[in-house]
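We will go stop by stop.

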Amino acid sequence: MRRLNRRQFLTLTTSSAATLLLARCAESQPQAQANFNAESSTLSRELSNVRSPRIVKFDLEAQPSSVTLGDRTANLFTYNGQVPGPQLEARPGDAVRIRFTNRLSEPTNLHYHGLHIPPTGTADNVYLNIGSGQTFDYEFTLPTDHPAGTFFYHPHFHGRVADQVFRGLGGIFVVRGDLDEIPEVKAAQEEFVFLKDFEIDPNGQVPNPNPMQIMQGREGSLVTVNGKENPIFSLQTGGLLRLRMINASTSRFYRLALENHPLHLIATDAGAIAAPVELQEILLSPGERAEVLVQGNQPAGEYRLLNLPYDRGMMGMMGQGSMRGMGSMRGMGRMSGNASQTTPQVLATIQYSGSTAPLPLPQQLLPVAELPQPATSRRIELSMGMGGMGMGRSGMGMGMAFLLDGKSYDHDRVDATVQLDTVEEWEIVNTGPMAMDHPFHLHINSFQVISRNGQPEPYVAWKDTVLVRANETVRIRVPFRNYAGKTVYHCHIFDHEDQGMMATIAMQA
Ligand SMILES: [Cu+2]
């Protein structure tokens, strides 16, 4: 690792190193230094001499780029030439300024997935249309009580989201804070696992999906972690590895397991849980995140991080619901995504290297606030229907309509009005003869899952995306806090969102 002073740093940002994170030090901290990590090509600011309030600045450019992916060169959409985009980091209380330039030939914008910031103006405003060639200054301040956690950014321009994400757009947004200061967590080796699949044709192009793929949610056969095929993470004997996993894929699910090692869950979408939970596997649907600790307590060697087979219910879409889960029906090839996958897929390798005095797991993490009884309850129905009535993208998905409460997304309609400073309970129902799994995502405010099909959740956690399986009912409790304005909730299979499975919520002061 090479350390740069501010002058060198600014020189770097104006040089040809446009592929690096163009992060400048806080205006309020002219003495601050930045670290340059040559291996990961990211810059992150030094966080040790923090004074608040700070201003953190980033430059992001969405652009078509030629990127090496696996064993080939791919023509993708990138932020700053990188896949994934540069890693952005801030702390609670920071004022964040992101100068965003669109060098694509189509409109786009940015969504800060999971951040609790305003849905309006220059913050997490998904209604912005940043045209080709335009620059927009995003500016927002993280609340001082914002949870530390693993968040991410990606485009949210309705109708183009699946395509832009599948072409490569997305990056990590880390909020550093109290979770990172827990001694056992701090002692762990930190690695990010940014999960994203691609489809690249022999000419290096991303092929257009067929109607069946759009209906099911497009998946690519090249599965990457941090833009790499099967990267290696090292783990000391006796050590702890903190894996911060993000499903940034358009539609692909990941059922994650590490050979011979349980995963000790310490954080979900929107921050820490109260105490570690030992799991043998974790299912991440698109938009979900999980942080786990792995103990280096096995014989030294290599262990594979696996994506186990999972059927997200796509057979049901064929009107053959009874065949769901039958192995013999899984021979549909790539268009069925990992429903067709019958053997584990290797995502990354954990390699033992060196040793240390055994590091303990934390006993406690951070308290998760208990929510009061809800003032209002609401039922939200996810469904699909035949026929193109009101479809956003004119029958692209084989004439299927993707609906919330029986309706296709309409920019001019408000579907739910809520009062700030109240807690609501939402019953999310995934129903219909052709039901498939839909990950449900709400912007701006995180929630707690209360039950699934009447079964209480085993532990309390903050989520912003929850998987609602086919024919399942999930109850969540949402506190609406701080920010008035309109935003959206939607299915996080971006093809479904683009096809209308999205609705508008107005939060009133
Ligand atoms: Cu969906």
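The tour starts with confidence, then moves to one strand, its partners and the core.

**Stop 1: colour by pLDDT.** This is a predicted model. The average pLDDT for the protein is 86, and 82% of the residues reach at least 70. Now select residues 1–50. Here the pLDDT is below 50, although the stretch has 81 contacts in the model beyond near neighbours in sequence. Select residues 316–339 next. The pLDDT is below 50 there too, with 47 contacts beyond near neighbours in sequence.

**Stop 2: select residues 171–175.** This is strand β12, and 5 of its 5 residues are buried. Show the side chains. Gly171, Phe173 and Val175 point one way, while Ile172 and Val174 point the other way. Both sets are buried.

Stop 3: Select residues 85–90, strand β7. This strand runs parallel to β12, with 4 bridges between them. Then select residues 149–154, strand β11. Strand β11 is antiparallel to β12 and joined to it by 5 bridges.

**Stop 4: go to the core.** The largest nonpolar core has 123 residues. Select Phe173, Val193, Leu241, Ile266 and Val294, which touch the most other members. Strand β5, residues 55–69, gives the most to this core, with 6 residues.

**Stop 5: centre on isoleucine 266.** Leave aside its neighbours within four places in sequence. The contacts of isoleucine 266 are then Val185, Ala272, Ile273, Pro276, Glu291, Val292, Leu293 and Leu365.

Terms used. Residues numbered from 1 in each chain as written. Predicted model: local features only at pLDDT ≥ 70, side-chain atom pairs only at ≥ 80, totals over all residues. Buried ≥ 20, exposed ≤ 12 C-beta atoms within 10 Å, placed from the backbone. Helix = DSSP H or I, 4+ residues; strand = E, 2+ residues; numbered from the N terminus. Pairing = 2+ DSSP bridges. pLDDT = per-residue confidence, 0-100. Contact = placed C-beta atoms within 7 Å. Core = buried A, V, L, I, M, F, W, Y, C linked by C-beta atoms within 7 Å.
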